[in-house]
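Me: I would like to learn how to read a protein model, feature by feature. Can you take me through one?

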Amino acid sequence: MPRTLAHKLIASHLLDGEMTPGSEIALRIDQTLTQDATGTLVMQELESLGLTRARTEVSVQYVDHNLLQADEKNAEDHEFLRSACRRYGLWFSKPGNGVSHPTHMQRFGEPGKTMVGSDSHTCAAGSLGMLAIGVGGLEVAMAIAGEPLRVRMPEVWGVRLTGELPPWVSAKDVVLEMLRRHSVSGGAGRIIEYHGPGLADLSAMDRHVIANMGAELGATTTVFPADEAVRKFLRGEDREHAFTEWRADEGADYDVTDEIDLSALEPLIARPSAPDNVVPVREVAGTDVRQVVIGSSANPGLRDFAIAARMVQGRQTRPEVSFDVNPTSREILEDLTRIGGTFELISSGARIHQSGCMGCIGMGQAPAVGQNSLRTFPRNFPGRSGTREDSVWLCSPETAAAAALEGAITDPRELAARLGLDPKVELPEHASVNTSMLVEPPPQQEAEQVEPVKGPNISALPQLDPLPQRIAAPVLLVAGDNVSTDEISPAGARALPLRSNIPALSEFTFTRLDETYPQRAAETGTHVVVGGDNYGQGSSREHAAITPRHLGLRVVLAKSFARIHWQNLINFGILPLRFADPGDYDSICAGDVLVLEDLPGQLRGGGDITIGNDTRGNTITARHSLSERQVQAVLAGGVISMLADSPSVVTR
């Protein structure tokens, strides 16, 4: 029977379970990716698991988020990560080497392999025909220790591409069109598989743009075939030996289907403050702009910078616009310089920043209040930029460069016609391969003598007690729909350096929604949070589970959950429950005391949980969809506590 590419990739790594949508499966993992905003906890988890040596084919720790060193905290984290990589046998990518996703694609990505990463945009590696899934840090630690990834088998959503992108329309517009059609939760429980004749003119880096933002659709991951475009990319990176062809069988059936005629697309833009708030650029043309930022894992390729350089060549950007450029890797910066693009950008008034995530995670480049910032980033959640009252728009490099020149949102097609711009850019066939900032792990005998260096900002993992048999606790917060992990545990230059210090970081928990939450939670102890649809969307950061747990959160009752955060809650002993009747959401107010009796019995007895509202004198029904293994983890207080209670292979 003809199979999809996603089914082939899963079948080749399936260790347990049936490939039936919704059932739990176990997958062998070949590679892992961690970055510094999440990796410090991963290293501490490896220590807790008693690991002696990484058991994956390749595991790489990147430093790309916490690059600003306003004090000693980030530098301490970097030294801890470097020494922990030596101890446990991981590659270490030094600060400034590049954003994890494009850098991993350049140096380690390989068709047909599986990868998990403690970053939600790990799915970008699907551009090479990999099965790459963003997960919480603890699941990455387990994979490094040789354990399988357990995940619910997704549906496979086949998106057929036809036609060819018109001039001044690029890959970012393709994924913005997907978001316009399907929203930030449209991919939930699905793998998005792109196929069809329209792939012919999409390079591997174009596909990276689309695969990366599959995370914004809520998808488990995104996959593209490993075809001649992938072979060409790997050849240019001196890694053609890593190429193998992977594609869907002719006539493969998909669980869900869609089709995009690329030739019918136009420049699109996501308005503040959601990635799916998408409209044609022409509809908002003329809106004033004061900041333009090009870079990030959502537009990481050399072409993305080169087209911007071509557009501003010989011209000056508007004096009222801050034009910022974040090269996504050291290699791409070298190549951009080699073709003259760096000079063209600087001459036009651009500020060149170091290779890294930077403003995408709110680590610098925070915009002014009330002024529009156009960014080639994947996310524009409220406050993610580092400015509480921000106004961030998401767009392609072409639309961004046009705004930098005009000082207002401008359709790049209109600007090109007026200025006589040529959309073609010539790129080198071979990249400036430079591995000097990649540090290979030492042999195991040498590694076992290394002691990870822990500065004073690196706290111990919190001790997590078992779930009580009975909970009678107040609702401290009632949140709305699409609450992101940025709103639960904020990014930005103030909070990010505290990623290794759970007590200090907990002071920022939910402050984007309620500044009083940390103090009230610390005073209250055990409590409940209520949420709407798609609770916990966005980043994979497990801090959004750990810090509220540290403050006493034991139950989250929501209409629906984003996949990664749902699993992170389980991993750290917080019980995620869904309203059986979403209408019951309106019956609960902040301050209501909810009572859950005989939790072990109810959780093991099936999917329904009875919750009493002592304040209102009524009961509602909630549901869980935990497997037996996940029930055991929640009851134990989290996965690490569960493993401590029973011997595990990871301690060998």
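This is a predicted model: local features need pLDDT of at least 70, side-chain atom pairs count only at pLDDT 80 or more; totals for chains, interfaces and linings use all residues.

Me: Start with the secondary structure. How many helices and strands are in the protein?

Reply: The protein has 23 helices and 27 strands.

Me: Next, overall size. What radius of gyration does the protein have, and what would a compact globule have?

Reply: Set the value beside the globule rule. For 652 residues, a compact globule would come near 26 Å. The protein has 24 Å, so the two agree.

Me: What share of the residues is buried?

Reply: Of the 652 residues, 63% are buried. The accessible surface is about 22200 Å². Carbon and sulfur atoms hold 46% of that surface.

Me: And the contacts: what share joins residues at least 24 apart?

Reply: Take the contacts between residues at least 6 apart in sequence. Of these, 78% join residues at least 24 apart.

Me: How far apart are the mean positions of the positive and negative charges?

Reply: They are 2 Å apart. The protein has 59 positive and 83 negative charges.

Me: Which residues does Met 19 contact, leaving aside neighbours within four places in sequence?

Reply: His 7, Ile 10, Ala 11, Leu 14 and Met 153. Met 19 and Pro 154 are 135 residues apart in sequence, with their C-alpha atoms 8.4 Å apart.

Me: How do I read a pair of aromatic rings?

Reply: Use the distance of the centres and the angle of the planes. Five aromatic pairs are counted here. In one of them, the ring centres of Tyr 194 and Phe 224 are 4.9 Å apart and the planes meet at 10°, so the pair is stacked. Planes under 30 degrees apart count as stacked.

Me: Which parts does the pair of Tyr 194 and Phe 224 tie together?

Reply: Tyr 194 is in strand β10 (residues 190-195), and Phe 224 is in the loop between β11 (221-223) and α8 (228-236). The pair therefore ties together parts 30 residues apart in sequence. Tyr 194 is buried at 1% relative accessible area. Phe 224 is buried too, at 0%.

Me: Is the pair of Phe 579 and Tyr 585 stacked or edge-to-face?

Reply: Their centres are 6.2 Å apart and their planes are at 80°, so this pair is edge-to-face. The cut-off is over 60 degrees. Phe 579 is buried, with 3% relative accessibility. Tyr 585 is buried, with 15%.

Me: Last, a helix. Which residues of α22 are buried, and what follows that helix?

Reply: In α22 (residues 628-636), the buried residues are Gln 630, Val 631, Ala 633, Val 634, Leu 635 and Ala 636. Gly 637 follows α22, with a positive phi near 100°.

Methods. Residues are numbered from 1 along each chain as its sequence is written. Side-chain values use heavy atoms; hydrogens and water are left out. Helices (H or I, at least four residues) and strands (E, at least two) are DSSP runs, numbered from the N terminus. The radius of gyration is taken over C-alpha atoms; the globule rule is 2.2 Å times the number of residues to the power 0.38. Buried means under 20% relative accessible area, exposed over 50%, partly exposed in between (1.4 Å probe, protein chains only). Contact means heavy atoms within 4.5 Å. Accessible areas come from the Shrake-Rupley method with a 1.4 Å probe; for residues, only the protein chains shown count as cover. Lys and Arg count as positive and Asp and Glu as negative; His and the chain ends are not counted. The place of a charge is taken as NZ of Lys, CZ of Arg, CG of Asp or CD of Glu. Rings of Phe, Tyr and Trp (its six-membered ring) pair if their centres lie within 6.5 Å; planes under 30 degrees apart count as stacked, over 60 as edge-to-face and the rest as tilted.
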